[in-house]
Every structure is written in C-alpha cells, then in structure tokens.
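Grab a pencil and work through the exercises below. Try each task before you read its solution.

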Amino acid sequence: MIQAKPIRDLNDRETLLASIGLDASETELLYTVSDEKILHAFLLFAFVKDQARITRVITFPDCEDASLDLGIRAIVNTLDLTGVKKAFFEPKTERLEQIARSIGFVPVQGENKDLVLDVPAFFAAPCRGDR
C-alpha cells in the first residue's frame, strides 16, 4: 500500500535528502511517498501564515502518478489543518502540472507557470472520485 508520511525531524530530513545529494532547509517540510520499503517520491513544501508553496518534488524510478497525487493531497491536507488558505505550485514537468490540475490547482492570473489551489474551497467540495 502506498503511504505518504511527514518527516517532522530536521535531522531525518537532512539525512534523507543528503542520501540523494540535496540539502534540507529549515523552512521546508518533507513528505515521503513509499510502498513498503520502496521510495517513490519526496515532496517538500513551505508555508508562512495562510499561504504555502510546494517547493520541490523529487521522484524515483518507477514512481507512478498515483504516488505523486497522494503526496500532493497529503500536503494539501496538512495545509488545511494548519489554516493555510492558498497553496502555490510551479510544476517543473507537464506530468506534475497534469496531476496538480486534476487535484484542483488552477493557473494564477498573470503568472506564466504558477498554479494555485484554494484550500478551503477544495475541502468544501465533495470528493467525486472521478478525477
């Protein structure tokens, strides 16, 4: 079963990211998406007051769209629980953009690549299961 787990401890984030040659930031929070012991993706995000941004998405071989969808939804759930109103994301690939849009992210008016999700509106609409 695929699971998205928050990595709350900064030392754990540093260790996980260092294992793939990246640095951890104190301002970024990390979710891992894995299936048993197979790592699918790291998703990092940061927030200030009532806004947040998905800052990095790192995928591993054979990472399926369902894993990325789960990771982004896990972040959105965390943002809702902390009172965030808007979540921003600049997908670096067409694949990530399609997944983000299927969740409900829409283009930011006047911005070329940024997408935004109205977090309270996302949770106000019932899940249709057809996305």
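The scale used here calls a residue buried under 20% relative accessible area, exposed over 50%, and partly exposed in between (1.4 Å probe, protein chains only).

Before going on, a word on the ground rules. This is a predicted model, in which local features need pLDDT of at least 70 and side-chain atom pairs count only at pLDDT 80 or more, while totals for chains, interfaces and linings use all residues. Residues are numbered from 1 along each chain as its sequence is written, and side-chain values use heavy atoms, with hydrogens and water left out.

**Exercise 1. Find the salt bridge partner of glutamate 28 and say what the pair ties together.**

Step 1: A salt bridge is a side-chain nitrogen of Lys or Arg within 4 Å of a carboxyl oxygen of Asp or Glu. The structure holds 7 of them.

Step 2: look around glutamate 28. Its partner is arginine 56, and the closest N and O atoms are 2.4 Å apart.

Step 3: Glutamate 28 sits in the loop between α1 and β2 and arginine 56 in strand β4, so the bridge ties together parts that are 28 residues apart in sequence. Helices (H or I, at least four residues) and strands (E, at least two) are DSSP runs, numbered from the N terminus.

**Exercise 2. Describe the largest nonpolar core: which residues touch the most other members, and which element gives the largest share?**

Step 1: define it. A nonpolar core is a set of buried Ala, Val, Leu, Ile, Met, Phe, Trp, Tyr and Cys residues joined through side-chain atoms within 4.5 Å.

Step 2: The core has 26 residues, and Ile54, Ile72, Ile75, Val76, Leu79, Phe89 and Phe105 touch the most other members.

Step 3: trace the contributors. Two or more residues come from each of β2 (29-35), β3 (38-48), β4 (51-59), α2 (65-81), β5 (86-89), α3 (94-103), β7 (115-118) and α4 (119-124). The largest share, 6 residues, belongs to α2.

Step 4: In soluble globular proteins, nonpolar side chains tend to be buried together.

**Exercise 3. Locate glutamate 36 and lysine 49, and say what their phi has to do with glycine.**

Step 1: recall the background. Most residues other than glycine have a negative phi.

Step 2: read the angles. Glutamate 36 has a positive phi of about 55° without being a glycine, and for lysine 49 the phi is again positive, about 55°, in a residue that is not a glycine.

Step 3: locate them. Glutamate 36 is in the loop between β2 and β3 and is exposed at 70% relative accessibility. Lysine 49 is in the loop between β3 and β4 and is exposed at 73%.

**Exercise 4. Compare sequence and space for two pairs: phenylalanine 60 with histidine 40, and threonine 27 with isoleucine 38.**

Step 1: phenylalanine 60 and histidine 40 are 20 residues apart in sequence and 5.2 Å apart in space, C-alpha to C-alpha. Phenylalanine 60 lies in the loop between β4 and α2 and is buried, at 18% relative accessible area.

Step 2: threonine 27 and isoleucine 38 are 11 residues apart in sequence, but 26 Å apart in space, C-alpha to C-alpha. Threonine 27 sits in the loop between α1 and β2 and is exposed at 58% relative accessibility.
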